[in-house]
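Colleague: Could you walk me through how to read charged pairs in a model like this one? I would like the general idea first, then the case at hand.

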Amino acid sequence: MKLIILENYSQASEWAAKYIRNRIVQFGPGPGRFFTLGLPTGLPRDHPESYHSFMWNNFFKHIDISPENVHILDGNAPDLQAECDAFEEKIKAAGGIELFVGGIGPDGHIAFNEPGSSLVSRTRVKTLAMDTILANARFFDGDLSKVPTMALTVGVGTVMDAREVMILITGAHKAFALYKAIEDGVNHMWTVSAFQQHPNTVFVCDEDATLELKVKTVKYFKGLMLVHNKLVEPLYSMKEMGAEKSQSKKPYSD
Amino acid sequence: MPSNKSVSDAPIVQFTNCRILRDHQLQREDLWVREGKILNPEKLFFEEKGSADVQLDCKDSIIAPGFIDVQINGGFGVDFSLATDDFKSGIDLVSQKILSHGVTSFCPTLVTSPSSVYHQVLPQISVRNGGAHGAGILGAHLEGPFISKEKKGAHPEHCLRTFEAGAFQDLLATYGSLDCVQIVTLAPEMRRSSEVIRELTKRGICVSLGHSVANLSQAEEAVQHGATFITHLFNAMLPFHHRDPGIVGLLTSDRIPAGRRVFYGMISDGIHTNPAALRIAHRAHPKGLVLVTDAMAGMGLAPGRHTLGQQVVEIDGLNTYIAGTNTLSGSVATMDTCVRHFQEATGCSVETALEAASLHPAQLLGIEHEKGTLNYDSDADFLMLNDSLYVQATYIAGEEVWRQDVSGM
């Protein structure tokens, strides 16, 4: 894994954004190789706290993405399991996920794969843990009864199939989860720990999130920042690169 | 750029690089329009998988809902209270010219006139949508003749009437028809006004109090019977007195029925009301303030003599008086100057100033679901303004109907 430690939330966000930008350029999107997103969801589409609204306001409306290329799990589908299965098919049809970007919950979950989720699970309906419900109550005027208790989510197995995984972790309240994710064993109680067995993972975090890690770990990865920062340097434009293919040589091994 | 195919035949226009007035704030958002209505882009994206056909760069303009003028007696030589042969072309001329002032909907106003004038003129006024031909007509505003002699202002005394004898029937006989009438101004202290107010309110006509010597309790009673507006606050009514605030007291009255709001018109041209008085009213009841021009035939023309119904009026700069007197009579203000003056005099936010000319009049007339806002599914009547609130372009139903000459002032 690569552990990227930045000073604060904005710097972590910026590093992650630049990395994603570079990866998109290397991927060489075009007709037939489109940029696809997938997310868990469970709320009515036009609810202001639905992922549809969140993604629209924070992402889609600022870019020129074609609506047909957006795939968001529909929590209001009549047959939820069929919706999940169809989603897995769409991923396969698109050639698999090139880069999965996600965060983790304070209980170490990736997407909505709550503690106890199978580490080889696929896209399915999940019941949410109390921790998650509490964490989301602030979007529903603090009223616990209004928070949805179920969500459609990509499975741990689904994410493991991605060619690369990037996890963003910021804030002191995620520090223990980060510790469990990278310094402890692979454990279905902290589902994000599954990525220890993924060949290509990047964890991007801020100082606060490292509070539970060993000083040795933090020093080691901070020492690698010189090398890691090369990954976010601006690449040549696609035009100039001409026929260069997607895989760029990594300067070191994981 | 995504494919420029839209999912319906009607073209979808996306106005970008602008700040729009929505939810009482200027937000950096794009404005989407289709088939003359404001479109919800999120719904378009997720449900129809559609995108814009045309994108227009607004060069960082402010986009505000079109202004609504509920009291305008004429302009550019046209007087709505004169029953001329070419009345229709007169109203067309005014509706076309006020587009440049940012007005997209208005209520042509008739001052106190002989009954014959109403019978001839009212059938020629029809409610109609705006467009390239001019601003939309919401309905007539009948200011008088059921008003007080002591506060007639510029209205001719010999045409004043009462409805003591037959109440509503008298009123109907005077006007002839109420089909296209949106607002009626009357003096509530007149006998049997309560019946008349109730009857008018039942027909969906907005009742306004003005040109009156009513005290506060008479005004409050009128509100309880259905009155919702005050015609040009401070003008043609008893001045505020600390033991009997009169009609002005409605702004802070505690006897307004629950769920109702009293609106009040203000002519903020700097002449009809001292800026300090404008500020007092605004601070006392900011949500009720409706900017009106009360413009008359001389608006838009050179200084000199013009008519206002049965009277002759003299214009000198921004002042308009009954010829040979000191009695103010209408104004030559334009709506956009009123908005700017209001903003300067009160120091209020740009949003507040714009809403006083758009949202509040729409709320007064109960049409805020279609006009007066940039909410999804409402009519796409809007303006592009620069930061100093000068109108750069006017749009009605999503079509550009007026644009500031780049070479001009």
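Modeller: Gladly. A salt bridge here is a side-chain nitrogen of Lys or Arg within 4 Å of a carboxyl oxygen of Asp or Glu. Side chains of opposite charge can pair when their charged atoms come close. Keep in mind that this is a predicted model.

Colleague: How many salt bridges are there over all chains?

Modeller: The search of the whole structure gives 27. Let us start with Arg19(B), which is paired with Asp60(B) at 3.5 Å between the closest N and O atoms. Arg19(B) sits in strand β1 of chain B and Asp60(B) in strand β5 of that chain, so the bridge ties together parts 41 residues apart in sequence.

Colleague: Is Arg19(B) buried or exposed?

Modeller: Buried means under 20% relative accessible area. Arg19(B) has 18% relative accessibility, so this residue counts as buried.

Colleague: Which parts does the bridge between Arg122(A) and Glu88(A) tie together?

Modeller: In this pair the closest N and O atoms are 2.9 Å apart. Arg122(A) belongs to the loop between β2 and β3 of chain A, while Glu88(A) is in helix α3, so the bridge links parts 34 residues apart in sequence. Glu88(A) is buried at 13% relative accessibility, whereas Arg122(A) is partly exposed at 35%.

Colleague: And where does the pair of Lys61(A) and Glu29(B) lie?

Modeller: That salt bridge, 2.8 Å from N to O, crosses between chains. Lys61(A) is in the loop between α2 and α3 of chain A, and Glu29(B) is in the loop between β2 and β3 of chain B. Lys61(A) is partly exposed, with a relative accessible area of 21%, and Glu29(B) is partly exposed at 22%.

Colleague: Now for an annotated position. Where does UniProt place the feature "active site"?

Modeller: The unreviewed UniProt entry puts it at Asp294(B). An annotation of this kind may be inferred rather than shown by experiment. In the model, Asp294(B) is found in the loop between β16 (289-291) and β17 (304-308) of chain B. Its relative accessibility is 6%, so Asp294(B) counts as buried.

Colleague: What is Asp294(B) in contact with, leaving aside its neighbours within four places in sequence?

Modeller: Its contacts are Gln71(B), Asn73(B), Glu143(B), His232(B), Ile267(B), Gly330(B) and Ser331(B).

How values were computed:
Residues are numbered from 1 along each chain as its sequence is written. Chains are lettered from A and ligands numbered from 1 in the order in which they are written. This is a predicted model: local features need pLDDT of at least 70, side-chain atom pairs count only at pLDDT 80 or more; totals for chains, interfaces and linings use all residues. Side-chain values use heavy atoms; hydrogens and water are left out. Helices (H or I, at least four residues) and strands (E, at least two) are DSSP runs, numbered from the N terminus. Buried means under 20% relative accessible area, exposed over 50%, partly exposed in between (1.4 Å probe, protein chains only). Contact means heavy atoms within 4.5 Å.
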